[in-house]
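Q: Please show me how the features of a structural model such as this one are to be read.

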Amino acid sequence: MGTKGLLALAFAGTVLAANATLEKFGFVSVGLGLTAPAGVFFAGIAFTLRDLLHESGGRAWVLGAIIVGAMLSWWVDPVFAVASATAFTVSELVDYSIYSPLRKRNWLGAVTVSNVGGLVVDSVLFLWIAFGSLNFIEGQLVGKAYMTLAFVIPLYIYRNRNDLPIWRNQ
């Protein structure tokens, strides 16, 4: 399996893992006195995987991975599956509209900024569709921001040590 396939599998897996974790554990503390659905950390990982998948496979691969992740999530909870599919798809459009024009000038900056845009849209839509409320929005945003930082910082370090084409400012 090539890079595209592995990234698509990992991205779809984060969609499934986020929903399964929420189903099993409900809500968790994300620090700062905030609570969020337990899948928040997996959902946060998904945004960086999505950008990596954009680089290797393109938008069709990303949308395909969202569909696969949502279909697998259907057996966990149909409401979470619909909320995830909708939130990830719409946030993908936001993410892509930010990421695509910035990626050649500053790949890591594009990942960071697009993740922030995507995580806000994803959080609002998921909470509203799954729970009919935005009661946990602050926790969602903080939890996903933690995961963005957890990925962006090592990518920054790795990028500076390994001059890989997708990470080189062009």
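Q: Which residues does Q140 touch, not counting residues up to four places away in sequence?
A: Contact means heavy atoms within 4.5 Å. By that criterion, Q140 touches A36, P37, V40, S123, F126 and L127, with residues up to four places away in sequence not counted. Q140 itself lies in helix α6; helices (H or I, at least four residues) and strands (E, at least two) are DSSP runs, numbered from the N terminus.

Q: Is Q140 buried or exposed?
A: Buried means under 20% relative accessible area, exposed over 50%, and partly exposed in between, with a 1.4 Å probe and protein chains only. Q140 counts as buried because its relative accessibility is 3%. R103, in the loop between α4 and α5, is partly exposed, with a relative accessible area of 24%. Leaving aside neighbours within four places in sequence, R103 is in contact with E55 and A110.

Q: What kind of model is this, and what is the mean pLDDT of the chain?
A: This is a predicted model, in which local features need pLDDT of at least 70 and side-chain atom pairs count only at pLDDT 80 or more, while totals for chains, interfaces and linings use all residues. Residues are numbered from 1 along each chain as its sequence is written, and side-chain values use heavy atoms, with hydrogens and water left out. pLDDT is the predictor's confidence in each residue, from 0 to 100. Where pLDDT is low, the predicted coordinates should not be read in detail. Here the chain has a mean pLDDT of 88, and 94% of its residues reach 70 or more. Confidence is lowest in helix α6 (residues 137-161), at a mean of 85, and highest in strand β2 (residues 34-37), at 97.

Q: Which residues have the most contacts inside the largest nonpolar core?
A: A nonpolar core is a set of buried Ala, Val, Leu, Ile, Met, Phe, Trp, Tyr and Cys residues joined through side-chain atoms within 4.5 Å. The largest one has 26 residues, and F11, L53, A65, F88 and W107 have the most contacts inside it. Two or more residues each come from α1 (3-25), α2 (40-56), α3 (59-73), α4 (78-102), α5 (107-131) and α6. The largest contribution, 7 residues, is that of α2. Apart from this core lies another, of 6 residues, among them F80, A87, F126 and A130.

Q: How is the packing of α1 and α2 described?
A: Two packed helices are described by the angle between their axes and the distance between the axes. Axes are lines fitted to C-alpha atoms, for helices over the stretch in contact, and angles run from 0 to 180 degrees between N-to-C directions. Angles under 35 degrees count as roughly parallel, over 145 as roughly antiparallel, 65 to 115 as roughly perpendicular and the rest as oblique. For α1 and α2 the angle is about 160°, with the axes 9 Å apart; the two helices are therefore roughly antiparallel to each other. Among the residues that meet are L7 and F11 in α1 and L49 and L53 in α2.

Q: At what angle do the axes of α2 and α4 cross?
A: These axes come within 11 Å and cross at roughly 55°, so α2 and α4 are oblique to each other. Residues making the contact include A43, A46, F47 and R50 of α2 and F88 of α4. F88 is also in contact with F11, V15, I66 and D122, among others, when its neighbours within four places in sequence are left aside.
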